[in-house]
Amino acid sequence: MENKKVSIQELVDVVASQADFTKKFTEEFLRELVHVMQEYLEKEGVVKVKGLGTFKMVRNEERKSVHVTTGEPIVIAAHNKLTFTPDSELKEKVNKPYAHLETV
């Protein structure tokens, strides 16, 4: 499986053709959806989308580390990180092709 980034335009093309919407409407909808999700993440810290999963803001505190090239100590500033936990139904569908494999 290839780990390929998908552009908003590629999503627009797929959704528009499958849902029989215009590309303009679909692009406006997707951009507004992302905007609303950003607002809720900033305000509430969590966005749950049934059938998709949960997006959650997690605070990473400042920490010490080492610069890989020079070996000098550095401080990584505190920052927010976005995590995603897929809905169990989505997780099962994505992993279905690998269900026959066993862990070693």
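Trainee: What share of the contacts in the protein with a separation of 6 or more comes from residues 24 or more positions apart?
Mentor: It is 28%. Keep in mind that this is a predicted model.

Trainee: OK. Which helices and strands does the protein have, and how many?
Mentor: Three helices and five strands. Reading from the N terminus, the order is α-α-β-β-β-β-β-α.

Trainee: What box do the C-alpha atoms fill?
Mentor: Roughly 55 × 40 × 30 Å, along the principal axes.

Trainee: And how many of the 104 residues are buried, as a percentage?
Mentor: Buried residues come to 10%.

Trainee: Let's do the sheet. In what order do the strands of the open sheet come?
Mentor: The order is β1-β2-β5. That makes three strands, and the pairing is antiparallel.

Trainee: Which strands stand at the edges?
Mentor: β1, residues 46-49, and β5, residues 79-86. Each has a single partner strand, so one of its sides has no neighbour in the sheet.

Trainee: How are neighbouring strands turned against each other?
Mentor: By 20° on average, ignoring direction.

Trainee: What holds strands of a sheet together, in general?
Mentor: Backbone hydrogen bonds, in a parallel or an antiparallel arrangement.

Trainee: How many bridges join β1 to β2?
Mentor: Four, with the two strands running antiparallel. β2 covers residues 53-60. Take Val47 as an example: its bridge partner in β2 is Phe55.

Trainee: What lies across β1, β2 and β5?
Mentor: Helix α2 does. It runs at about 135° to β1.

Trainee: Stay with α2. Is Thr26 buried or exposed?
Mentor: Thr26 sits in helix α2. It is buried, because its relative accessibility is 2% and the limit for buried is under 20%.

Trainee: What does the side chain of Thr26 reach?
Mentor: The backbone oxygen of Thr22, at 2.8 Å.

Trainee: And which residues is Thr26 in contact with, leaving aside neighbours within four places in sequence?
Mentor: Val12, Val15, Ala16 and Phe21.

Trainee: New topic: charges. How many salt bridges does the count come to?
Mentor: Four. Let's go through some of them.

Trainee: Fine. Which residue does Arg31 form a salt bridge with?
Mentor: Glu27. Their closest N and O atoms are 3.1 Å apart. Both residues belong to helix α2, residues 23-44. They are four residues apart, about one turn of the helix.

Trainee: How exposed are Arg31 and Glu27?
Mentor: Arg31 is partly exposed, at a relative accessible area of 45%. Glu27 is also partly exposed, at 25%.

Trainee: Where do Lys93 and Glu89 lie?
Mentor: In helix α3, residues 88-95. Here too the spacing is four residues, about one turn of the helix.

Trainee: What is the accessibility of Lys93 and Glu89?
Mentor: Lys93 is exposed, with a relative accessible area of 57%. Glu89 is at 49%, so it counts as partly exposed; exposed needs over 50%.

Trainee: Which residue meets Lys4 in a salt bridge?
Mentor: Glu10, at 3.0 Å from N to O. Glu10 is partly exposed, at 32%.

Trainee: Last topic. What do β3 and β4 form?
Mentor: A hairpin, with six residues between the strands. Gly71 in the turn has a positive phi of about 80°. β3 is residues 63-66, and it pairs with β4 in the antiparallel sense over four bridges.

Trainee: Where is Pro73?
Mentor: In strand β4, residues 73-76. Pro73 is the bridge partner of Val66. Beyond its neighbours within four places in sequence, Pro73 is in contact with Ser65 and Val66.

Trainee: Is Pro73 buried or exposed?
Mentor: Exposed, at 71% relative accessibility.

Trainee: What separates the C-alpha atoms of Pro73 and Glu32?
Mentor: A distance of 42 Å. Along the chain, Pro73 and Glu32 are 41 residues apart.

Terms used: Residues numbered from 1 in each chain as written. Predicted model: local features only at pLDDT ≥ 70, side-chain atom pairs only at ≥ 80, totals over all residues. Heavy atoms only, no water. Salt bridge = Lys/Arg side-chain N within 4 Å of Asp/Glu carboxyl O. Buried < 20%, exposed > 50% of the residue type's maximum accessible area, 1.4 Å probe, protein only. Pairing = 2+ DSSP bridges. Axes fitted to C-alpha atoms, helices over the stretch in contact; angles between N-to-C directions. Contact = heavy atoms within 4.5 Å. Polar contact = N/O pair within 3.5 Å; in protein donor to acceptor, adjacent residues only side chain to side chain.
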